[in-house]
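Work through these exercises with the structure open beside you. Try each task before you read its solution.

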Amino acid sequence: MTNTRSLKLIENEQTLCELPVLAGSTGPNVLDVQSLYKHTGMFTYDPGFTSTASCSSAITYIDGEAGILLYRGYPIEQLAEHSTFLEVCYLLLHGELPDKAELSTFEHNITMHTMVHDQVNLFFRGFRRDAHPMAIMVGVVGALSAFYHDAMDIHSKEDRLMCAIRLIAKVPTIVAMCHKYSTGLPFMYPKNKLNYVENFMRMMLATPCDEFEPNPVLVKALDRILILHADHEQNASTSTVRLAGSSGANPFACITAGIACLWGAAHGGANEAVLNMLLEIDDVSRIGLYINKAKDKNDPFRLMGFGHRVYKNYDPRAKIMRETCHEVLSELGLHDDKLFKLAMELERIALEDDYFISKKLYPNVDFYSGIVLHALGIPSKMFTAIFAMGRTIGWISHWDEMIADPEQKIGRPRQLYTGQTQRELPLK
Ligand code: CMC
């Protein structure tokens, strides 16, 4: 981070203060307002953080106008084409791609931590069978805080790495358990000879009655979904993890805060909402009705899977996921399926509609990932939990970066108060 110049804040020809302009390695500069209150008695006001950089970070770079997404400098397109999810996890966590030996050790360490403590199994029984998987995830991942005291010194690099490995390894097991619990099927224990994604698919979709045969096209598709969801700089859930972690809280609890934030339909809940929306539209003949609802200012309905806070021209992840979507549909012979035809027609109409073009509302990654997950036979209630599984590495990498930062302090935003000014309690 370099100090390039400063900007003066002037009122009635009087300089109130001079604020440094800081430059990163690429992307917009930032105005450092840390001294603003001291000099002027004013705070900045930016609800939704549309113009605020909450931290400096070396993990992920996004250029929303150009549709660029880089993990540690590497374009998402190249990572999706040539890397596995676990390589991407190593890259995000350590800053560099692993060599062969490093990758093999990392994969081994993850595999050795996929089982959850046997008592974790008991937690599930406390939930209703019809509980939403994200509700169970919040409870069970949070409960991990109570299990791993042996490596919990957040100021130790080794302990932080151990927490990261445990989370990357155990979250898929917990996601699969959520699914099995809700369907009344037995939990499937991890199988060490399978790779990360194969193992997850087996825990999720197989039963003890049959052998599991991984289909490489479907395994690759799920691996890609995880890569594309692995990180997205200071999004709502990652910022939540950072804020929770800034007080020095337990890392498992911080990741749980991220899971809670991800659940909302404007964030990770969108992939599930896409499927529900397609089921509600039901028929190609009704698309026009829903497009009109989306355009109607008085109707809260939004076309799920369209639009993005940062990508205003296209979402580079959506482009990759669209290709994967077609690969999966071909592999499974589903191109003529009613739901997929409906999705493709909705995509076509929205891309040609003036409202969506003028507001730059393109299909985002979750439009296609929802369709792919549905094709894989994963129920829509599980979609956001799978997003959480991919994003866990992003959350933990940001948490680790923040804790290691010598300038780290508790996050404590201020406000513009609009309530009652001081008044006296009425006498009784
Ligand atoms: N359907 C219809 N209109 C929309 C949509 C949509 N999906 N998204 C935005 N708009 C309109 C919105 O009504 C507003 O219109 P106006 O300027 O007339 O008031 C304009 O477009 C700008 O929308 P905004 O809500 O101010 O934009 P935002 O940047 O705050 O919101 C968003 C981004 C993703 C929350 C929003 O586009 C949305 O709700 N999309 C649907 C949900 C969705 O697919 N979310 C997944 C995002 S990708 C996964 C992730 O990274 O978490």
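**Exercise 1.** Is Arg242 buried or exposed?

*Solution.* The model is a predicted one. Start with the location: Arg242 sits in helix α10, residues 236–245. Next, take its relative accessible area, which is 9%. Buried means under 20%. Therefore Arg242 counts as buried. Now look at what touches it. Beyond its neighbours within four places in sequence, Arg242 contacts residues including Cys55, Gln234, His398 and Glu401.

**Exercise 2.** Find the residue that forms a salt bridge with Arg242, and say which helices the pair links.

*Solution.* The partner is Glu401. The closest N and O atoms are 2.6 Å apart. Glu401 belongs to helix α18 and Arg242 to helix α10.

**Exercise 3.** Asp400 and Lys157 form a salt bridge. Work out which parts of the chain it ties together.

*Solution.* Check the distance: N to O is 3.0 Å. The cut-off for a salt bridge is 4 Å, so the pair qualifies. Place the residues next. Asp400 is in helix α18 (residues 383–404), while Lys157 is in helix α7 (residues 157–183). The bridge therefore ties together parts that are 243 residues apart in sequence. Compare the surroundings. Asp400 is buried at 9% relative accessible area, whereas Lys157 is partly exposed at 45%. Finally, widen the view: Lys157, Arg160 and Asp400 are linked in a network of salt bridges. The whole structure has 13 salt bridges.

**Exercise 4.** Which side of helix α13 do its buried residues take?

*Solution.* List them: Ile287, Tyr290, Ile291 and Ala294. Their arc around the axis is only 105 degrees, which puts them on the same side of α13. An α-helix has 3.6 residues a turn, so residues three or four places apart point the same way. Then ask what lies over them. The cover includes α12 (270–281), α15 (338–352) and α16 (354–358).

**Exercise 5.** Why is one side of β4 and one side of β6 left without a neighbour in the sheet?

*Solution.* Write down the strand order: β4-β5-β6, an open sheet with antiparallel pairing. β4 (60–63) and β6 (74–75) stand at the edges. Each has a single partner strand, so one side of each has no neighbour in the sheet. β4 and β5 (residues 68–71) are joined by four bridges, in the antiparallel sense. In β5, Leu69 is the bridge partner of Ile62.

Conventions:
Residues are numbered from 1 along each chain as its sequence is written. This is a predicted model: local features need pLDDT of at least 70, side-chain atom pairs count only at pLDDT 80 or more; totals for chains, interfaces and linings use all residues. Side-chain values use heavy atoms; hydrogens and water are left out. Two strands pair if DSSP finds at least two bridges between them. Helices (H or I, at least four residues) and strands (E, at least two) are DSSP runs, numbered from the N terminus. Buried means under 20% relative accessible area, exposed over 50%, partly exposed in between (1.4 Å probe, protein chains only). The arc is that of the directions from the helix axis to the C-beta atoms. Contact means heavy atoms within 4.5 Å. A salt bridge is a side-chain nitrogen of Lys or Arg within 4 Å of a carboxyl oxygen of Asp or Glu.
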